[in-house]
Amino acid sequence: MKNCLIFIILTTLVFSSCKQNVECDLLITNANILDVKNEKILHNKSLVISNGTIERIVDTPENYKGIKCIDAKGKLVTPSFIDTHIHPTDVFGDREKAPKSLNADARKKLSDTYLPYGTTTTVIMGQPQNWLDTILIWQKKPSPDFIDVFTAGGAIISKENREPYIGHSVVANPREAKDKVIEYYNSGINHIKLYYRLNNPEFESAYKTADSLNMNIYGHIGGFELENQTIDNTLAVGLKNYEHIGTIPNSVLNQREDWEKVNKIFNENFGEINSESKVIEYLLELFRYAKTYKKDELEALIDRLAAQEVSFSTTIHLLYQQFHSTYFTTASDKTLSDLQVKRCLESFKILMDCTKQMYDKGVEIRLGSDMPNGGKANISELILLCEYGFSVTDAFKIATINGAKAVGIEKEVGSLEKGKKANLIIWGKSPFDDIKNFTSNKIIVKEGQVNTQNSAIAKNGTN
């Protein structure tokens, strides 16, 4: 009996010793983890990470030994960000400055634009055809050292007289539209972007082909002409993912007199549209016009968007920075009077009120920078969202899980859960305490690897 008792005690000690020595690649302790799905913070938890994924989230870390350990000391830990609309031309050069091909340093240069600021996943919504082979290699070979990229190939447009943008793919008829989608699919692309300068027959052909292949389909819909695609037209076809909140009024100005009237109003208040800033200020003026003269139509459109459970990318920093400073930019348009700036601010608030209304009704808003310095712009967008009525939790959902759903990768990233990639941010200061803390120092973890170099870039404020 005595020997049996000794054996039981020894066995218990052996098993206890084994449990205390379960090894993992990275152990993050004393973390306050944001559960974006359930909109709550899990206090004093530990993340057990191996092979680039979260093995488990536990209450006590005593049974685990990390090859590398981080004591979060009660700091906030959140999923990293997903930017669902970028263009590498913003980093490597546009039109005349665009290189023929991407060199060996290009992947790091692109990553340094996003990764230090917490963005670990991006979707390219158009790039020069000559860059596609290199970008597809990046897409097929993810690395902890670089951002993950998914590409939509080139944004597909119909053949027209004017010179196409270098990130567009031109098709002349429905057959070419179908063939282009199939070509992209066969190359390993699972995302397609359809542009508002795509005629109805080509649009329907491209959409139906992509849909039959279970591809993720996105649309930049709403130009400045009645002949351009509208949101209603594309909703009828089945489109679910839309680019840029700023395009919404274009689809309710459905009479020629609407455009004549808004053009007259803009000219009276801002003069000619003779610069990029003026074009963007014109977009803001469309929101003011829609609220004033097309309020019922705008409300009805928002209801239809919510009923169809669509998603929209943001791209609000690009609009705001034209007339007002942000945490890292000054106003782009130096010609504006105080009265014009005030008018732009009023119109921007209308845009943001519309965005909040959409969000509250169930439209899934997702992050989309669409500009140079995209990583910094993403941070600015989160601050702007919170300044205009969104909660900090809302902002984090927009930057993480909402984007993951739209990209079709919500089983891999977008929230901190067992089995998902260990892509996360340890915050120096919590945005829940002050939204200015979105700019605070961060530790970025990509696939379980601490990106100390990129964290240093962010700390130094360089790009």
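Biologist: Where do I begin? What does the secondary structure of the protein chain come to?

Modeller: Begin with the whole chain. Remember that the model is predicted. The secondary structure of the protein chain comes to 16 helices and 18 strands.

Biologist: What radius of gyration does the protein chain have, and what would a compact globule have?

Modeller: A compact globule with 463 residues would have a radius of gyration near 23 Å. The protein chain has 24 Å, so the two values agree. Along the principal axes, the C-alpha atoms fill a box of roughly 100 × 50 × 40 Å.

Biologist: How many of the 463 residues count as buried?

Modeller: Of the 463 residues, 56% count as buried. The accessible surface of the protein chain is about 20,500 Å². Carbon and sulfur atoms hold 48% of that surface.

Biologist: What share of contacts joins residues at least 24 apart in sequence?

Modeller: Take contacts between residues at least 6 apart in sequence. Of these, 74% join residues at least 24 apart.

Biologist: Now single residues. Is Leu301 buried or exposed?

Modeller: Buried means under 20% relative accessible area. Leu301 has a relative accessible area of 1%, so Leu301 is buried. Leu301 lies in helix α10, residues 295-307.

Biologist: Which residues is Leu301 in contact with, beyond its neighbours within four places in sequence?

Modeller: Leu301 is in contact with Ile231, Asp232, Ile248, Ser251 and Val252, leaving those neighbours aside. Look at Ile248. Leu301 and Ile248 are 53 residues apart along the chain, and their C-alpha atoms are separated by 8.7 Å.

Biologist: Helix α12 has come up. How do I read a pair of helices?

Modeller: Two packed helices are described by the angle between their axes and the distance between the axes. Here, take α8 (residues 256-270) and α12 (residues 338-361). Their axes come within 10 Å and cross at roughly 140°. That angle makes α8 oblique to α12.

Biologist: Which residues meet there?

Modeller: Ile265, Asn269 and Phe270 in α8 meet Gln340, Arg343 and Cys344 in α12. The contact residues divide into three nonpolar, two polar and one charged.

Biologist: How many residues of α14 are buried?

Modeller: Eight of the eight residues of α14 are buried, so this helix is largely enclosed by the rest of the structure. Among them are Val392, Asp394 and Phe396.

Biologist: Let us end with a strand. Is Asp148, in strand β8, buried or exposed?

Modeller: Asp148 is buried, because the relative accessible area is 7%. Strand β8 covers residues 148-151. Asp148 touches several residues beyond four places away in sequence, including Thr120, Pro142, Lys421 and Glu447. The C-alpha atoms of Asp148 and Thr120 are separated by 6.1 Å, and the two residues are 28 apart along the chain.

Note on methods
Residues are numbered from 1 along each chain as its sequence is written. This is a predicted model: local features need pLDDT of at least 70, side-chain atom pairs count only at pLDDT 80 or more; totals for chains, interfaces and linings use all residues. Side-chain values use heavy atoms; hydrogens and water are left out. Axes are lines fitted to C-alpha atoms, for helices over the stretch in contact, and angles run from 0 to 180 degrees between N-to-C directions. Helices (H or I, at least four residues) and strands (E, at least two) are DSSP runs, numbered from the N terminus. Angles under 35 degrees count as roughly parallel, over 145 as roughly antiparallel, 65 to 115 as roughly perpendicular and the rest as oblique. Contact means heavy atoms within 4.5 Å. Ala, Val, Leu, Ile, Met, Phe, Trp, Tyr, Cys and Pro count as nonpolar, Asp, Glu, Lys and Arg as charged, and the others, Gly among them, as polar. The radius of gyration is taken over C-alpha atoms; the globule rule is 2.2 Å times the number of residues to the power 0.38. Buried means under 20% relative accessible area, exposed over 50%, partly exposed in between (1.4 Å probe, protein chains only). Accessible areas come from the Shrake-Rupley method with a 1.4 Å probe; for residues, only the protein chains shown count as cover.
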